[in-house]
Amino acid sequence: MLLLKKTLDAIRPTDRLVMAAAQKAIDYCLKPPGSLGKLEDIARQIAGITRQIHNTISKKAIVVMMADNGVYTEGIAMYPQDITRIGADFVTSGRMGVNFLARYAGADIIAVDIGIQVDVDLPRVLNRKIRYGTANFLQEPAMTREEVIRAVETGIEVTNTAIDQGYDLFGTGEIGIGNTTASSAVLYAFTGAPIERVVGRGAGLTDEAFERKKEVVKQAVHLHRPDPEDPLDVLAKVGGLDIAGLTGTYLACAARRIPVVTDGLISNVAALAAMRLHPTAVEYMIPSHLSSEPGARLLQEVTGLEPMLNMDMRLGEGTGCALMFSIIEASLRMIEEMGTFAVIGKSREEIADTIRAYRGQFPR
Ligand SMILES: Cc1cc2ncn([C@H]3O[C@H](COP(=O)(O)O)[C@@H](O)[C@H]3O)c2cc1C
Ligand SMILES: O=C(O)c1cccnc1
């Protein structure tokens, strides 16, 4: 609990003064104000995160948390549970979906066994197993409060170590058969939204199993009555070890002033848990794509993180983060490489005054 508390205590807002200065630099670039849209938002946000107007990314990583889910036995997932272990093998030998995208983006993968149901003896998987999968939360809480705290702190520890090694941009990925059920249950516990907005078909489900999945999520939340005001209670009762680990990754990034990219359903549920633990953590998060899981739209409303890519993707693993990395790095080149209004003899201040005068016309 000490590491979690220390991390929460260290989170501060992004630097508004540096953001204003970065906006001025962006507006001085030779272009109509706001015309580079979300690229401007990203560049400004990262300036506020790092407290520097000029930024480059030196090392990027996607943290892939891997864990199994006891609720699998309720028939809520279509693929063999063994895919989680196989995914651990594939992700470290470069053969999962996230690998080719991470390679393209020049990002490393930090693969973590935080709760796979069997021992995995793979040299490139960090063994941080809290337990051999969660319990079936339709019958008993997924894990204890002590275990969920350890899982969140594991995410913090793994991420802090990577930050110490020089990583300065993170993505959040996961592999764990059944984890869309746990994610939907957490989202349902936090929001109480209609079940259709919360539960989707995950990696794929028959109509019958889809109905069952909705029932399981509803029943589990009604059985355990997790306290929506207590994120650790929600994660312990109906969450997953991978979700809790990623919650820790978000908190560590916020505490250490490092940008962190969200991915699909599971990753955004972890983001929501992190911001319920500390609302300011959202200021360090950059959304990537809109997963085609229905819960993704609800998450967008609840977290305020507006996905920038609409790719009809629904794989998880951090795939959307890897795509987003290229856009983030592109955005940082604007201030570095664009010519300015100095070319027509206007100063930074004069341009700022002009923009102020026309503000209403420029929605951004
Ligand atoms: C081959 C395969 C590779 C995956 N990579 C990510 N997922 C994604 O699907 C799983 C969640 O869906 P559900 O809750 O329906 O089991 C997680 O492993 C997630 O990362 C995969 C799923 C499969 C089948
Ligand atoms: O949105 C996701 O991340 C997702 C959706 C389905 C299955 N696995 C992951």
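Domain bounds here come from an automatic or database domain assignment. On that basis, the chain of this predicted model is divided into domain 1 (1-55 + 333-356) and domain 2 (60-329). Residues are numbered from 1 along each chain as its sequence is written, and ligands are numbered from 1 in the order in which they are written. Local features need pLDDT of at least 70 and side-chain atom pairs pLDDT 80 or more, while totals for chains, interfaces and linings use all residues.

The C-alpha centres of the two domains lie 30 Å apart. Where they meet, 15 residues of domain 1 are in contact (C-beta atoms, placed from the backbone, within 7 Å) with 20 residues of domain 2. On the domain 1 side, α1 (2-10) and α3 (37-50) are the elements that give two or more residues; helices are DSSP runs of H or I, at least four residues, numbered from the N terminus. The most comes from α3, with six residues.

Helix α7 (residues 179-191) has 13 residues and reaches 18 Å from its first C-alpha to its last, close to the 18 Å expected at 1.5 Å a residue, that is, 1.5 Å times one less than the number of residues. Because 12 of its 13 residues are buried, α7 is largely enclosed by the rest of the structure; buried means that 20 or more other C-beta atoms, placed from the backbone, lie within 10 Å of the residue's own. Among the buried residues are Asn-179, Thr-180 and Phe-190. Just after the helix, Gly-192 takes a positive phi of about 60°.

Thr-180 also belongs to the surroundings of ligand 2, which include Asp-263, Glu-293 and Arg-314.

Terms used:
A residue is near a molecule or strand if its C-beta atom, placed from the backbone, lies within 6 Å of it. Two residues are in contact if their C-beta atoms, placed from the backbone, lie within 7 Å.
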